[in-house]
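Please find below a note for a colleague who is meeting this structure for the first time. The sequence and the model come before the comments.

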Amino acid sequence: KQSGEANAKFFNAVAAHGKHWWKAQHGEALRQPGPLTLSEEEIQENPRVEQDAAEVWAAFASVVREWSAEGAPLRQECFAPLLESLASSSLPRGSRVLVPGEALGRLSAEVAKLGHTVLRNELSDYMVLIGDFLRTACLASRPWFLYPFIGDPCNHVRFEDRIRPVQVPDVD
């Protein structure tokens, strides 16, 4: 129960942030969505519901990889070669660097730390919104303890592995 409540608080905070983010991006208020709970009939009538849910869970799993201490070894393996190449290149500070498929924006943040202007590109609105929340509002407020594995029974030896918390973001 605690894990579900913690995740719900995180998603509610992301949604609240999203309203402000939308207005800043588009200059107009986001219209109120319909009810947050759908009947079984509405779910079956709308093929996007299942796809949206899968995208949200994929973004949630990416939070661990990009914004937690647990994800640091994988980030080091994947990001370090690119960051080292940028740092040692003759590319002047302030140059524009494209980061395609930026996911939750951790690589973009690391490229920006090197003094470059980052052009971000991400197909998933969920990734963009959660990434923006983590880079801005989350850093300004407090760390979150999430339970990203609770909905995923795969690759966990014990049930306890699914209900362990992960702190995000892992930066000051």
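The numbered points below go from the overall fold to individual residues.

1. Overall fold. The model is a predicted one. The protein contains eight helices and four strands, and along the sequence these follow the pattern α-α-α-α-β-α-β-α-α-β-α-β. Of its 172 residues, 34% count as buried. Among contacts between residues at least 6 apart in sequence, 59% join residues at least 24 apart.

2. The largest nonpolar core. This core has 23 residues, and those with the most contacts inside it are Phe10, Ile130, Leu134, Trp144 and Val168. At least two residues each are supplied by helix 1 (2-26), helix 3, helix 6, strand 3 (144-146) and strand 4 (166-168). Helix 6 gives the most, with six residues. Apart from this core lies another, of seven residues, which include Leu83, Val97, Val99 and Leu107.

3. Phe10. Which residues does Phe10 touch, leaving aside those up to four places away in sequence? They are Phe60, Ile130, Phe133, Leu134, Trp144 and Leu146. Phe10 is also listed among the residues with the most contacts inside the largest core.

4. Helix 3. This helix has 20 residues and reaches 27 Å from its first C-alpha to its last, close to the 28 Å expected at 1.5 Å a residue. Its buried residues are Val49, Ala59, Phe60, Ser62, Val63, Val64, Glu66 and Trp67.

5. The crossing of helix 3 and helix 6. The axes of helix 3 (residues 48-67) and helix 6 (residues 125-135) come within 9 Å and cross at roughly 35°; the crossing is right-handed. Helix 3 contributes Asp52, Glu55, Val56, Ala58, Ala59, Ser62, Val63 and Trp67 to the contact, while helix 6 contributes Tyr126, Met127, Ile130, Leu134 and Arg135. These residues divide into nine nonpolar, one polar and three charged.

6. Arg135. Leaving aside residues up to four places away in sequence, Arg135 touches Trp67, Glu102, Leu104, Gly105, Ala109 and Arg120.

7. Helix 5. In helix 5 (residues 106-113), the buried residues are Arg106, Leu107, Ser108, Glu110 and Val111. Their cover includes helix 3, helix 4 (72-88), strand 1 (96-100) and strand 2 (117-121). Gly115, which follows helix 5, has a positive phi near 95°.

8. Ala103. This residue lies in the loop between strand 1 and helix 5. Ala103 has a positive phi of about 55° although it is not a glycine. Most residues other than glycine have a negative phi. Ala103 is buried, with a relative accessible area of 11%.

9. The cis peptide bond. How is the peptide bond from Val168 to Pro169 arranged, and what is its omega? The bond is cis, with omega near -15°. Most peptide bonds are trans. Pro169 lies in the segment after strand 4, and Val168 is one of the residues with the most contacts inside the largest nonpolar core.

Notes. Residues are numbered from 1 along each chain as its sequence is written. This is a predicted model: local features need pLDDT of at least 70, side-chain atom pairs count only at pLDDT 80 or more; totals for chains, interfaces and linings use all residues. Side-chain values use heavy atoms; hydrogens and water are left out. Axes are lines fitted to C-alpha atoms, for helices over the stretch in contact, and angles run from 0 to 180 degrees between N-to-C directions. A crossing is left-handed if the near helix is turned anticlockwise from the far one by less than a right angle, and right-handed if clockwise. Contact means heavy atoms within 4.5 Å. Ala, Val, Leu, Ile, Met, Phe, Trp, Tyr, Cys and Pro count as nonpolar, Asp, Glu, Lys and Arg as charged, and the others, Gly among them, as polar. Buried means under 20% relative accessible area, exposed over 50%, partly exposed in between (1.4 Å probe, protein chains only). The expected span of a helix is 1.5 Å times one less than its number of residues. A nonpolar core is a set of buried Ala, Val, Leu, Ile, Met, Phe, Trp, Tyr and Cys residues joined through side-chain atoms within 4.5 Å.
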